[in-house]
Amino acid sequence: MILVTGGAGFIGSNFVLDWLAGGGEPVVNVDKLTYAGNPANLASLSGDARYRFAQADIGDQAAMEAILAEHRPRAIVHFAAESHVDRSIHGPGEFVQTNVVGTFRLLEAARGHWLALPAAEKEAFRFLHVSTDEVYGSLSETDPAFSETTAYAPNSPYSASKAGSDHLVRAYHHTYGLPTVTTNCSNNYGPYQFPEKLIPLMIANALEGKPLPVYGDGRQVRDWLYVGDHCEAIRMVLARGRTGEVYNVGGNAEKRNLEVVHALCDTLQEMRPREGGYRGLVTYVADRPGHDRRYAIDARKIRAELGWAPRETFESGIARTVRWYLDNAAWVAQVRSGEYRHWIEKNYEKRA
Ligand code: NAD
Ligand code: DAU
C-alpha cells in the first residue's frame, strides 16, 4: 500500500480519489484534519476496503512510526502542510510547525521505516515530497520561467517554510540515502479546493452577489494547473522519477489575476446567468504584504523524462471547476460555516 499525508485536503483528496479510481493499490491517509482537511471529500470511499484513514499530526513522530509499522507502505506521498499564503502572514508559527518541524519528524519516521525494510523493498521505497513553485520567489514580466536549478528565494512565511521542508528532504537523500523525489508545482485549481484560495473564493462570492476582492492592481501572474493534471504528474514521478531529483510541474497557463476573475465571471454568466453579469462585483482591495508579482514554470524536465504534459487547457479546466462548484453547493455551504467566517472577517473586513 501507499501512505498519503494530508489526503483530506484539496490536492490530497483529488490524488486519493484518482489513485483508487485508476486501480492503484490501497491507501492509508494520515491527516490531522485542520480547518483545511475535510473527510467529506472522500465520502465516496466509505466502505471501500482499499482506503484507510488515520487522524494524526505528521509532527507526532511516535504516531507516524506506529502507522508506518502497522501499514508498511512501499511509498509516502507527502501533501500535508499549512498551504495558504495569507494565513501565513497572519500566523506564521503553525507554518513553521507543520511544514518544517512536521516534515522533519515525518522524515525521521520514514527513515526508520525504510532502514528496517528487506533489501528489495528498501530499494523500491519512495518518499515523494509535494512542494510549490513559490520557493523560487517572484519573477519580473520578462524573466525566464522557474526551472529546477533556479535559486531559492522564498518571500512569504508559507514559501519559506516550504523551502525549509524541501531542503530537509534534499538533505535526507544526500546524507542518509533516503529515496526521495520532490515536485514543485504551480497554482492548482479544481474540485474540493477550500474557498479561501482565489478561484473558489471568487466563485462562492459571485454566486452570493458579494464583492470579488482583487488584491492591489490585479496584474499579478500565476501559472494555473488543473488539479487532475497535477495528480497525474505525481503518479508519474512516483512510478518513474529519479531519486534525489526535483521535477517542476506547471500548467503552461500564465494569467493575470484579473483575467482569471473575469474568466470566472464569464463562465458563471454562461452557466448561471445573473442580471447585469458578474464582472461588476470586482472590487480592488489593499494588496497582500510582500505579494509575489509573477510565477511561471518551465516544465520541460518532467515532459522530457516522464512524458507528462497537462491535459486540460485553462478554459476547459475552469469550465469543469465552475460546473463542479455549481453542482456541489452543499459541500461549499458546509466548509463555509464555522472557522471560515472568522477567517473572512480577519482577512477582508479590515482591508482598505
Ligand atoms: P490544503 O490546505 O487544502 O490541505 C492540507 C491538508 O493537510 C489538510 O487536509 C490538513 O488537514 C492536512 N494537514 C495540515 N497540517 C497537518 C499536520 N500537521 N499533520 C497532518 N495533516 C495536516 O492544501 P493543498 O492545497 O491540498 O496542498 C497540498 C500540498 O501541495 C501542500 O504541501 C502545498 O504546499 C502543496 N502545493 C499546493 C498548491 C496549490 O495550488 N494548492 C500548489 C503547489 C503545491
Ligand atoms: O504557486 C503555488 C501556490 O499557489 C501554492 O503553493 C499555495 O499553496 C497556493 O495557495 C497558491 O498560492 P497563491 O498565493 O498564489 O494562491 P491564492 O489563491 O491565495 O492567490 C492567487 C492570487 O490571487 C495571488 O496573487 C493573490 C490573489 N488573490 C487571492 C485571494 C485569496 C486576490 O487577489 N484576492 C483574494 O481574495
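A charge counts as sitting over a ring when NZ of Lys or CZ of Arg is within 6 Å of the ring centre and within 35 degrees of the ring normal. With that in hand, here are some close-up views of this predicted model.

**View 1. Arginines over tyrosine rings.** Arg 351 lies over the face of Tyr 215, 4.0 Å from the ring centre. In another such arrangement, the charged end of Arg 87 is 3.6 Å from the centre of the Tyr 35 ring.

**View 2. The surroundings of ligand 2.** Among the 23 residues around ligand 2, those that come nearest are Asp 133, Tyr 158, Arg 288, His 291 and Tyr 348. Look for the polar side-chain atom of Asp 133, which lies 2.5 Å from an oxygen atom of the ligand. By class, the shell has 10 nonpolar, 7 polar and 6 charged residues, and β8 gives the most to it, with 3 residues.

**View 3. A tilted ring pair, Tyr 136 and Phe 146.** The ring centres of Tyr 136 and Phe 146 are 5.1 Å apart and their planes meet at 35 degrees, so the pair is tilted. Both residues are buried. Ring pairs also join them with Tyr 152 and Tyr 295 in a cluster.

**View 4. An edge-to-face pair, Phe 194 and Tyr 340.** Here the centres are 5.6 Å apart, with 75 degrees between the planes. Phe 194 lies in the loop between β7 and α7 and Tyr 340 in helix α13, so the pair ties together parts 146 residues apart in sequence. Phe 194 is buried at 10% relative accessible area, and Tyr 340 is buried at 4%.

Methods. Residues are numbered from 1 along each chain as its sequence is written. Chains are lettered from A and ligands numbered from 1 in the order in which they are written. This is a predicted model: local features need pLDDT of at least 70, side-chain atom pairs count only at pLDDT 80 or more; totals for chains, interfaces and linings use all residues. Side-chain values use heavy atoms; hydrogens and water are left out. A residue is near a molecule or strand if one of its heavy atoms lies within 4 Å of it. A polar contact is a pair of N or O atoms within 3.5 Å; within protein, one must be able to donate a hydrogen and the other to accept it, and residues adjacent in sequence count only if both atoms are side-chain atoms. Helices (H or I, at least four residues) and strands (E, at least two) are DSSP runs, numbered from the N terminus. Ala, Val, Leu, Ile, Met, Phe, Trp, Tyr, Cys and Pro count as nonpolar, Asp, Glu, Lys and Arg as charged, and the others, Gly among them, as polar. Rings of Phe, Tyr and Trp (its six-membered ring) pair if their centres lie within 6.5 Å; planes under 30 degrees apart count as stacked, over 60 as edge-to-face and the rest as tilted. Buried means under 20% relative accessible area, exposed over 50%, partly exposed in between (1.4 Å probe, protein chains only).
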